[in-house]
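These are my notebook entries on a structure I consulted. I record what I looked up, entry by entry.

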2 protein chains.
Amino acid sequence: MTIAINTRDRILEAAKSRFHSRSYADVGIKEICDTALIQKGSFYHFFPSKQDLVLAVIDEFATEWAEGFVAEAFDPSLPPMERISYMIDAAYYWQKSAKEKHGKIPGCLFGNLVLEVSTKDDVLRARLNAVFAQAKSRFEEALNEAMERGDIAPLNSKLTAEAMLAYLEGMILFAKAQNDPEVLYRLGPAIMSLRIE
Amino acid sequence: MTIAINTRDRILEAAKSRFHSRSYADVGIKEICDTALIQKGSFYHFFPSKQDLVLAVIDEFATEWAEGFVAEAFDPSLPPMERISYMIDAAYYWQKSAKEKHGKIPGCLFGNLVLEVSTKDDVLRARLNAVFAQAKSRFEEALNEAMERGDIAPLNSKLTAEAMLAYLEGMILFAKAQNDPEVLYRLGPAIMSLRIE
DNA sequence: TTGACACTTGACCGTCCAGTCAACTATAAT
DNA sequence: ATTATAGTTGACTGGACGGTCAAGTGTCAA
């Protein structure tokens, strides 16, 4: 009970970084236990299954991400369209520094999981969708505010927000394929040209 | 030697559809053999390893795809920008019919594999990049022709082509996450607004 | 007819997988 | 002091994994 919370966190941390840099299927419970310096029985005391673990990882990382550089990018004191380019820049620097640390671009944890598990696990798919929905609304708010201020011509903010997020995920996919964060640097600014309606 | 080519094709076919609708890690050699009605020893006569199989699947599907609806979309007799929207439409109908058949959107085989294996296997990553490079040049040619004809304002066709393909992959990712091909229908047309330089 | 070779069979190998469990320890409330 | 419970240990299960192999069978060229 005393260091138990600590144990749970160590499991979560070990799982998060490994799921992100490799894949869900590729990372075993045993490996996570070894990293967290615990035994299997202890793991299953906290998480009834591997699926429960990855759900917790998704929640953890979504919060960390939303309260971290997403909050920083979508700072209300910034002009709305600048928030969006800040977001792209943040993604670029994040992937770049991850590559410097580990030699490989991990891509987006949520995007990786979506393509890996969507056809096999509806519970995971639903959770990942919820994360994307959150991100989408950030873009949408920024677009609405930009329209109100007359910074951009009128458009469908809901659809354009979705398009922008899709474009971001697509760029990250290409960056990962080429193992080159500069893809984001080259293609990033074009997000501003995207518009629907 | 007589029905051997047939056997190889059956292996390839079984592997292709399974890798596409599930994932590389999730589909075992045994399952592929059962589907192709052969034994393991026979499989390893044609493919020295699972990696060799997936490389062959990538090549097969890339060819089938390039000579199939990509060739149809990028028909030189079509106005260049119409080729691009034809390509989006084709992706939409393809995912839609796949969902009707199997209940789930499989997404793009190449995109799926990129996110699954890029950090773990440079050989696969390189092959997938080659496939994307081919597709990119199709978009690029269309953009160049559109510029020559004065259909669109001058832009960097290489980068814009890459951006468009990234956007397509991003839309497919979202469609898979929501298991809804209509995402492509809603977001597809915005590909025309993408431009770099 | 013989030999070479493409192809096929099915048993087998060692390893890893997610998950289980009975037993143990440490803590905190009564 | 007793009891309940949270946390931990490490051995264990059954099955799946990628891959190997010796022993075949069928076909073709010489």
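**Entry 1: contacts between the chains**

I looked up one pair first: the side chains of E162(A) and R186(B) meet in a salt bridge at 3.5 Å, N to O. I take a salt bridge to be a side-chain nitrogen of Lys or Arg within 4 Å of a carboxyl oxygen of Asp or Glu. By that rule, 4 salt bridges cross the interface of chain B and chain A.

I note that this is a predicted model, in which local features need pLDDT of at least 70 and side-chain atom pairs count only at pLDDT 80 or more, while totals for chains, interfaces and linings use all residues. Residues are numbered from 1 along each chain as its sequence is written, chains are lettered from A and ligands numbered from 1 in the order in which they are written, and side-chain values use heavy atoms, with hydrogens and water left out.

I then looked up polar contacts and found 18 residue pairs across the interface of chain B and chain A, both residues at pLDDT 80 or more. A polar contact is a pair of N or O atoms within 3.5 Å; within protein, one must be able to donate a hydrogen and the other to accept it, and residues adjacent in sequence count only if both atoms are side-chain atoms.

On chain B, helix 6 (109-117), helix 7 (122-148), helix 8 (157-178) and helix 9 (182-187) each supply at least two residues of the side that touches chain A. Helices here are DSSP runs (H or I, at least four residues), numbered from the N terminus. Helix 8 of chain B gives the most to that side, with 14 residues.

**Entry 2: extent of the interface**

I recorded that 44 residues of chain B are in contact (heavy atoms within 4.5 Å) with 44 residues of chain A. The copies meet through the same surface, because 100% of the interface residues of chain B are also interface residues in chain A.

**Entry 3: S23(A)**

I located S23(A) in the loop between helix 1 (4-21) and helix 2 (29-36) of chain A. Is S23(A) buried or exposed? S23(A) counts as buried because its relative accessibility is 4%; buried means under 20% relative accessible area, with a 1.4 Å probe and protein chains only.

The side chain of S23(A) reaches the backbone nitrogen of D26(A) at 3.3 Å. Not counting residues up to four places away in sequence, S23(A) touches R18(A), E116(A), E116(B) and K120(B).

How values were computed:
Buried < 20%, exposed > 50% of the residue type's maximum accessible area, 1.4 Å probe, protein only.
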